Amino acid sequence: MTENTPGKNAPEAAPGEVPGKKTPEPSGVDLARVALRAAKEQARARGDAAQQKKQARRGGLRSGARADGRDPMALGAAINRLLTERGWETPAAVGGVMGRWPQIVGDDLAKHCVPLRYDDDPAERVLTVQCDSTAWATQLRLLAPQLVARLNQDLGHGTVRLIKVQGPGGPARRFGPLRAPGSTGPGDTYG
């Protein structure tokens, strides 16, 4: 009886292989299966890396026992978060100024001058104010530099650069039987 033992020059067989037989190189369908398995593993690794990155951005793994952004919150906190996320801090602050106008400018001036609008354009940042008489409009024009400083102190530096003062509007245009069509009233004869 002869035993089939590997000699000194014979290569060792891998586990599961029959000694003396050569394993065929993978080809065709076998290569496709190997490539598909490798692609799946790479995709799984990329997905795990993306998931870890996403969790790191959120502050790690979340559980129901810890507070997170999905928990209920007070209305004021929710509004402040919304203002911050949307970049509406300055328009909201200016709106607050319009609501507190009498406390900022004083009761006498607030009775005769009303803020109309705020232009948030970074190049301009103009607060438009309308007064009920030309005397109060002149008074407000003289106080404009101090008022701009006071508003910027309250709202933040550079929020208001200029106060545009409008005088009182003219009387309402009345159309009657003695008016010529297209006439703007007594103002159209001066010029």
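User: Happy to start with a helix: how many residues does helix α2 have?

Analyst: This is a predicted model. In it, helix α2 covers residues 75-86 and reaches 16 Å from its first C-alpha to its last.

User: Which residue just after α2 takes a positive phi?

Analyst: Just after α2, a phi of about 75° belongs to Gly 87.

User: Is α3 parallel or oblique to α6?

Analyst: The axes of α3 and helix α6 (residues 134-155) lie 11 Å apart, and the two helices pack at an angle of about 125°. Angles of 65 to 115 degrees count as roughly perpendicular and those over 145 as roughly antiparallel. The angle therefore makes α3, relative to α6, oblique.

User: What does the contact of α3 with α6 have by class?

Analyst: From α3 come Ala 93, Val 94 and Val 97, which meet Leu 151, Asp 154 and Leu 155 in α6. By class, that contact has no polar residues, one charged and five nonpolar.

User: Where is confidence highest in the protein chain?

Analyst: The mean pLDDT of the chain is 75. Helix α3 (residues 89-99) has the lowest confidence, at a mean of 73. The highest, at 89, is in strand β3 (residues 162-166).

Conventions. Residues numbered from 1 in each chain as written. Predicted model: local features only at pLDDT ≥ 70, side-chain atom pairs only at ≥ 80, totals over all residues. Heavy atoms only, no water. pLDDT = per-residue confidence, 0-100. Helix = DSSP H or I, 4+ residues; strand = E, 2+ residues; numbered from the N terminus. Axes fitted to C-alpha atoms, helices over the stretch in contact; angles between N-to-C directions. Parallel < 35°, antiparallel > 145°, perpendicular 65-115°, else oblique. Contact = heavy atoms within 4.5 Å. Nonpolar A, V, L, I, M, F, W, Y, C, P; charged D, E, K, R; others polar. Expected span 1.5 Å × (residues − 1).
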